[in-house]
Amino acid sequence: MSDISASAAGLPGKSSLYAESDRTRRRNAAEKRFRLYGLGAVGIGVIALVCLLASILGSGLSAFQQTYLKVEIYLDPAIVDPNDARLMEDPDAVRAELSKVLTFGYAPLIQGSLQAQAEELAAGPAPEITPQLLAAMVSSAAPTTLRDYVLANPEEIGETIEFDFLANARIDQYLKGKVTRESAALDSRVDVAQLNAADELLDLGQMEKRFNWDFVFGPDASENRPEAAGIGVALIGSAYMMLIVLVIAVPIGVGASIYLEEFARKNWLTDIIEVNISNLAAVPSIVFGILGLAVFINFMHLPISSPLVGGLVLTLMTLPTIIIATRAALKSIPPSIRDAALGVGASKMQAVFHHVLPLAMPGILTGTIIGLAQALGETAPLLLIGMVAFVRDYPEGILDPAVGLPVQVYNFTNRADPAFVERASGAIIVLLVFLVIMNLVAIILRRRFERRW
Amino acid sequence: MKTVKLSASVLAIAAVSATAAAARDTVQVAGSSTVLPYASIVAEAFGENMGFPTPVVQSGGSSAGLKQFCEGVGENTIDVANASRAIRESELQTCAENGVTDVMEVRIGYDGIVFANEVNDAEFEFTPSDWFNALAAELPVDGEMVANPNTSWNEVNEDFEDVAIKAFIPGTKHGTREVFEEKVILAGCEESGAMEAILEINGGDEDAAEEACMSIRTDGASIDIDGDYTETLTSIQGEEGAFGVFGLAFYENNTNIIKVSTMGGVMPSTESIASGEYPVSRPLFFYVKKQHIGTIPGLKEYAEFFVSDAVAGPGGPLANYGLVADPELADTQKAVADEVTMGSGS
């Protein structure tokens, strides 16, 4: 102001349109600086994002590939079926008898079948390989595959069948360039001779790296076989929980906000409720876990580790987000819409449900999806209700034990074998893909249905 | 919000009564993160071989697991608690107060605690007294307790190289911490003669002396790690010459990244721990709620499977991962088969 009044007072020569005054220069410089600050801030954000994505993609993409080994196995009746159960009539009795040989009993089968090949390799390219070392290149999940096959096909006992086994994690990591000969020399879990054998098997076409669907859809595996670990159970668990959140949180959240926004009288009670909802949105999520343990498990006796309890806890956590977003969406509808509806004789409920709600839908959906995305990435509340766990069986319903995707990531990062590092990053990639899809859907819905006044 | 929660619970109740609250058919296990890998290996094999659903194994630490275990009897409580230390008297009392009166203690084997630095760092041959002198909060000097002045390993022991003392040790919620304090720090305190000096200073109060021995310095030379060994590993990788305390199994899976030091001249290995030569080891346990046997299908079978020769014996999958097999496994098997509970005579 003083500037204008000063020039108005007439100080000729001091304010030319052509020559910048000191003051103008300072103001322009300040603006330029601010722009630079802004650019810097955005730049730091972008760099952080790029680093994060690069590190996750860099270490996680290899999780989608896995090394497989073709092995011809002679299903030795002496090992698989010592009591000649396969000759019995009743298939159930055969199965019962055959299942008495545990997976541990099947391990010699692999070593026995690899004997000839080991000798061949030892004579040629991998002089120090022994049958034991060669058999150790096969995943310890292989005996399970064999046993399941024998139980399903008892008539094939005594024949030689070609199997496609997973290769041991260290061999797999070698093919992915993460195990080198130098590190193998120090490593008690792998021998350099095995790496030489791996090179030869690769040349022979007996070993290959290919896309690994089992990582996406297979169940978790113990630390003895990181190569077999997958995130299938976590995917299903997360899907169940999202379903429960959607089914319970959306009707309750939208209903509550419509009532609060359109029908409730404005008094101290609704004010208190409003403040509390805002506060709840900021409560640390683990608090909801404590509540879930106390109410759903200890009081209502719902099963531990079940997606039902997980979904309910996440519902409580998501409700405030949905309510706040829905109320904002309802508030943004101009009162003229309501007035017009009421003016032509609609009841209050008709005005809301026929006119206000459809217009507010994009905002509500966006809020809901963002709330869901937040719930999808949550681990802390699940810790207390037994969902941070090792679960291998696919859940058949919402009452069976399951884990969620972020929990699976956490579990992978806690394990000793380095092969789990890539699987943790791989699981993060899958989680990110889901989050991006959900956010994209939110944006598309907003773009398509949003109306501006 | 109250109405919202209420309606949520009502809906939940409706959902459950609709499915007629099926009885739990999966064994629920929780506890020590040291036992977790073994328990998950067993759970996996159990599910594959025995025709029962795969047990669910939660982690979280020995104390947290035992606390959950002692919450009560019933389907909403866990069946098995894993622990890297024996259950405490106070915990048993809590158990009993909550109705958990029949507890079976099962020892699965032994685990070594190793001291490791990065694979390219200097080599050390430790004795417990080195660790005591390096990590104790106060040392007795000339009849007085003074704050630990040592900052470099060669101040502790002249034979060592001049490497700054920096150790990442398990936090107090871990069962491993207790073993570390008892078998390394306290042993070192006695071995180095500091115990006697402290007793002289405080006038013969043994409890207080033990406590003084086992208090760890908090000036940054020793850092508590509350997470898992992977966190310890990341920590020592970020710090030149730092030491970490690991389980033997973790070391055996990462021999190309970390290097263990000897303790008392003995290299840690499953053999030296089984023979008792390596001093820092501890038994691992799991506790079974006997009252759940018969209610939860597969619970007893799980316990028996866990300690069977094929699983926990030498050469089995647990030994392969790094567990030191228990020489008295046969006795344990018998106790499990007979469902012997704690305090019932044997």
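Predicted model: local features only at pLDDT ≥ 70, side-chain atom pairs only at ≥ 80, totals over all residues.
Local features need pLDDT of at least 70 and side-chain atom pairs count only at pLDDT 80 or more, whereas totals for chains, interfaces and linings use all residues. Residues are numbered from 1 along each chain as its sequence is written, and chains are lettered from A and ligands numbered from 1 in the order in which they are written.

Chain A has 20 helices and four strands; here helices (H or I, at least four residues) and strands (E, at least two) are DSSP runs, numbered from the N terminus. With a radius of gyration of 32 Å, well over the 22 Å that the globule rule gives for 453 residues, chain A is more spread out than a compact globule. The radius is taken over C-alpha atoms, and the rule is 2.2 Å times the number of residues to the power 0.38. The C-alpha trace of chain A spans about 105 × 65 × 35 Å along its principal axes.

Residues 239-260 of chain A are 100% helix, with end C-alpha atoms 31 Å apart. For residues 280-302 of chain A, the corresponding values are 74% helix and 24 Å.

Next comes the interface. In total, 48 residues of chain B are in contact with 49 residues of chain A, contact being C-beta atoms, placed from the backbone, within 7 Å. The largest share of the chain B side, 10 residues, comes from α1(B). Strand β4 (residues 389-390) of chain A also pairs with β2(B) in the antiparallel sense over two bridges, where pairing requires at least two DSSP bridges between strands. Within this pairing, A:Phe390 stands opposite B:Val57.

Which residues touch the most other members of the largest nonpolar core? They are B:Val42, B:Phe286 and B:Tyr287, in a core of 171 residues. Helix α12 (residues 232-263) of chain A gives the most to this core, with 16 residues. A second, separate core of 39 residues includes A:Ile110 and A:Leu134. A nonpolar core joins buried Ala, Val, Leu, Ile, Met, Phe, Trp, Tyr and Cys residues through C-beta atoms within 7 Å, and a buried residue has 20 or more other C-beta atoms within 10 Å of its own, these atoms being placed from the backbone.

Terms used. Contact = placed C-beta atoms within 7 Å. Buried ≥ 20, exposed ≤ 12 C-beta atoms within 10 Å, placed from the backbone.
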